[in-house]
Amino acid sequence: MAAMPWPVTPLATLGDLQEFLGLGPDAGALAWFADARGWERTVADEALRHYRYRWSPKAAGGRRLIEEPKGTLKHFQRRILHDILDRIPPHDAAHGFRRHRSVLTNAEAHAGRAAVLRFDLESFFAGVGAGRIFGLFRTAGYPEPVAHALTALTTNVVPRSVWRAGPTSDHLLGRRLATPHLPQGAPTSPALANLVAFGLDRRLSGLARSIGAHYTRYADDLTFSGSHGVWRRAPELTRLVTAIVAEEGFRVRADKTSRRAAGERQLVTGLVVNVRPNVDRRDYDRLKAAVHNAARTGGAGEDRDRLAGRIGWLEHVHPGHGAKVRAGFDRIVWPVRPG
């Protein structure tokens, strides 16, 4: 192995990788899970694929493709995540998919600012190609054969019949899904996307410092905030961010870019940050209404666990409001669950 800048598990040969994954000495098993013959993209029998696919609606409209690895491959990916990727630090500006970081810590970084500017990256996972993943594993110190195999185990090519069933107008997304990319649904993809975006985070953090702003990223959501001076430079900042994002291999979604001054409702990763991170009043009112309705109907038509999860999130963000809604939830007489 080459010099190892991080304390990742050493894997000097493909044999070491096979042993690490518990595959034994048979090289054919590793080749199968790494899809050396490219069957995932062509085979018609779903049983011979390593992934299950489903198009899921987005909250803001449109659909995203979930590529869920099957059991054995998912187990391998979790080993790679815990013993390799978790030992490589992402940039400090990254708040998504990290221990002790969350949408709340991301929002807290921008609370009470005169200006908040947000940018969304297009097809964040699908836009990360295998070449960049291979480069990351090589930088970690792995020899080429091992880096190639690790890349193959953590990227995917979607069968034509699946991606063609997606949004017909999104030709760029189709092209990305048809080439090796990070699958949205694999346990390794969030960590790999964070690590690949290290250069992007470093450059955007430097840009923010140069104009007296603060920058964070939560997955594909980029946020800048600062003083009135930052607001005045918003057009320039937008131009520079778009250019840097493109140079780093990503694309800004122009239709999702937003600028909000202190007198407007400033949202960061779903939380209002004008004073302190808080749940949007409209979301709070909807949650109260759902609890009231469940109490009136005995929980008919409500998912108890989902409602409890929403209340738990409110308690985390605003304990006072959460306690009030929790009290109403505790008074609901739910039907007895079978079994």
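**View 1. Helix H10 passes helix H12 in a right-handed crossing.** A crossing is called right-handed if the near helix is turned clockwise from the far one by less than a right angle, and left-handed if anticlockwise. This is a predicted model, where local features need pLDDT of at least 70 and side-chain atom pairs count only at pLDDT 80 or more, while totals for chains, interfaces and linings use all residues. Residues are numbered from 1 along each chain as its sequence is written, and side-chain values use heavy atoms, with hydrogens and water left out. Helices (H or I, at least four residues) and strands (E, at least two) are DSSP runs, numbered from the N terminus.

H10 covers residues 198–210 and H12 covers residues 234–247; their axes come within 10 Å and cross at roughly 160°. Axes here are lines fitted to C-alpha atoms, for helices over the stretch in contact, and angles run from 0 to 180 degrees between N-to-C directions. The two helices are therefore roughly antiparallel to each other. For such angles, under 35 degrees counts as roughly parallel, over 145 as roughly antiparallel, 65 to 115 as roughly perpendicular, and the rest as oblique. On the H10 side, look for Leu200, Arg203, Leu204 and Leu207, which meet Leu237, Leu240, Val241, Ile244, Val245 and Glu247 in H12. Sorted by class, the residues of this contact are eight nonpolar, no polar and two charged. Ala, Val, Leu, Ile, Met, Phe, Trp, Tyr, Cys and Pro count as nonpolar, Asp, Glu, Lys and Arg as charged, and the others, Gly among them, as polar. Contact means heavy atoms within 4.5 Å.

View 2. Arg132, Ile133, Leu136 and Phe137 of H5 make the contact with Leu192, Leu195 and Val196 of H9. Here the tally is six nonpolar, no polar and one charged.

**View 3. Phe137 sits in the largest nonpolar core.** A nonpolar core is a set of buried Ala, Val, Leu, Ile, Met, Phe, Trp, Tyr and Cys residues joined through side-chain atoms within 4.5 Å. Buried means under 20% relative accessible area, exposed over 50%, and partly exposed in between (1.4 Å probe, protein chains only). This core has 69 residues, and Phe137 and Tyr142 have the most contacts inside it. Leaving aside neighbours within four places in sequence, Phe137 is in contact with Ile80, Ile84, Leu85, Tyr142, Ala147, Leu150, Thr151, Thr154 and Leu192. Apart from this core lies another, of 20 residues, with Val273, Ala294, Val325 and Trp334 among them.

**View 4. Helix H14 passes helix H15 in a left-handed crossing.** The axes of H14 and H15 (residues 319–330) come within 6 Å and cross at roughly 155°. That makes H14 roughly antiparallel to H15. From H14, the contact takes in Arg304, Leu307, Ala308, Ile311, Gly312, Leu314, Glu315 and Val317; from H15 come Pro319, His321, Gly322, Ala323, Val325, Arg326 and Phe329. By class, that gives nine nonpolar, three polar and three charged residues.

**View 5. Val317 is a buried residue of helix H14 (residues 304–317).** Its relative accessible area is 3%. Setting aside neighbours within four places in sequence, Val317 is in contact with Leu271, Arg276, Pro277, Asn278 and Val279. Val317 and Arg41 are 276 residues apart in sequence and 43 Å apart in space, C-alpha to C-alpha.

**View 6. Asp35 and Ser123 each have a positive phi without being glycine.** For Asp35, phi is about 55°, and the residue lies in the loop between helix H2 (27–33) and strand S1 (51–57). Asp35 counts as partly exposed, at 23% relative accessibility. Ser123 has a phi near 45° and is found in the loop between strand S3 (115–120) and H5. Ser123 is partly exposed too, with a relative accessible area of 22%.

**View 7. Pro335 is found in the segment after H15.** Pro335 is exposed, with a relative accessible area of 53%. Between Pro335 and Arg63 there are 34 Å in space, C-alpha to C-alpha, and the two are 272 residues apart in sequence.

**View 8. The protein chain has 15 helices and nine strands.** Its C-alpha atoms fill a box of roughly 60 × 60 × 40 Å, taken along the principal axes. Of the 339 residues in the chain, 47% are buried. Among contacts between residues at least 6 apart in sequence, 69% join residues at least 24 apart.
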